[in-house]
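Subject: Structure for your review

Dear colleague,

Please find the structure below, together with its sequence. A short account of the findings follows it.

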Amino acid sequence: MSHPTRDHVAIVGAAESPYTRHPGAGTTTAGVLRDAVVRALRDAGLAPGDVDGLGVASFTLGPDHAIDLAWRLGLNLRWIMQDTNGGASAGGMLQHAVRAVEAGDASVVVLVAGDAMDNAAHTKLVRAYNQATVDHLADLPMTGPNALFAMLTQRQMATWQLTRKDYGDLVIAQRAWAGLNQGAVYRAPMTLEEYLDAPPVASPLGRFDCVPPVTGADAVVVAREERATGRRARVLAVTTAYNADDQAGDGIQTAVAACAPAAWDRAGVAPADADVISVYDDYPAMVLSQLVDLGVTQPGAIRAFIAERIATRLLPVNTSGGQLSAGQAGAAGGMHGLVEVVQQLRGRASGRQVEARIGVVTGYGMVLYRHGSCGNVAVLEAVA
């Protein structure tokens, strides 16, 4: 089945405002978002005057909104949106942007996500993530999602017969990719002993199972293919699912499972065709869940898959190092993987380039109460 976007809409530029664990004085969310937009437009060979659509995702932009950022950037727009769905925001915005370009509501759309995420901002975010957090979780001894995902990881370990070594092999493989990425905040090689001996966070999670908060931003430029000045990432399909299990599932299966079949069908390719994959990696268990939900592997084969395909880097997964090593810049976490796959498909992943025609990106996030409630899948194709 051929999707309508196949011959029309592409990502023609992508960039990241450098991630840092220790932002300098005066660093603001609006500043890093602006920097990412400027870099992405430069990468696309376009100017601010070419932009007539803007999508923004951020936890810390307030009290400003998307329109305030547009004003600060000097953009005159025909289309605008603001997405609040965290790790699923990039895919959601991409879906809307593609439709806007197809419909003629906009011709060049910049999608940007990011945050100035210091310790104070991160603490504030996790303590008041949503009303369910305020009402039921904030007063528990351990704040934030670590305890929730520790329990989910325990459940996955028991169900799929996994050990901490299996997760360690995945984390170490991503760290090896990060060693090739000048933009990753953690690039030093990691041994299995270092992983297993890391300070515990919430059993079975250790320090290296949890994403490090950073400051930064990511952006992509979406337009009709004729606006591209070189290689572009053609959008074959974007599918989404929200509140797929009403928080009543086991959390091991994500909303990606609900939207992946339609993505493959619309794109006209199969899981085996994926040459490079970025899956949202707030925790190692979620990497494995989404790879299963995509149909790339099966639960019964996951241990062999880790050892034979991921640990060997035979299948390029999270080639930036993922958020586990590159860092999680707030809402940019969902956009980070999209930027990485776009750069791989466009031959611009300096130092870590792989040969890739088909790239796949997943989004996952927004813990309503027990686990992430949103998921999406984007399938992209390299076009010279």
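In what follows, helices and strands are DSSP runs, numbered from the N terminus. The model is a predicted one.

Confidence

The chain has a mean pLDDT of 95, with 98% of its residues at 70 or more. Residues 1-6 fall below 50 in pLDDT, and in the model this stretch makes 23 contacts beyond near neighbours in sequence.

The largest pocket

The volume of the largest pocket is about 1000 Å³. Its lining comprises 43 residues, of which H122, P145, V211, P213 and Q328 are the closest to the pocket centre. Two or more lining residues come from each of helix 4 (119-127), helix 5 (131-137), helix 6 (146-160) and strand 10 (358-367). Helix 4 contributes the most to this lining, namely five residues.

Helix 3

Helix 3 spans residues 89-103, 15 residues in total, and its first and last C-alpha atoms lie 21 Å apart, close to the 21 Å expected at 1.5 Å a residue. Eleven of these 15 residues are buried, so helix 3 is largely enclosed by the rest of the structure. The buried residues are S89, A90, G91, G92, M93, L94, Q95, A97, V98, A100 and V101. Just after helix 3, G104 adopts a positive phi of about 85 degrees.

Yours sincerely

Key. Residues are numbered from 1 along each chain as its sequence is written. This is a predicted model: local features need pLDDT of at least 70, side-chain atom pairs count only at pLDDT 80 or more; totals for chains, interfaces and linings use all residues. Side-chain values use heavy atoms; hydrogens and water are left out. On a 1 Å grid over the protein atoms alone, a cavity is a set of points where a 1.4 Å probe fits but cannot get out, and a pocket is an open set with protein on both sides within 12 Å along at least five of seven lines; lining residues have an atom within 4 Å of a point. Grid points are joined across faces, edges and corners, and a volume is the space filled by probe spheres set on the points. Helices (H or I, at least four residues) and strands (E, at least two) are DSSP runs, numbered from the N terminus. pLDDT is the predictor's confidence in each residue, from 0 to 100. Contact means heavy atoms within 4.5 Å. The expected span of a helix is 1.5 Å times one less than its number of residues. Buried means under 20% relative accessible area, exposed over 50%, partly exposed in between (1.4 Å probe, protein chains only).
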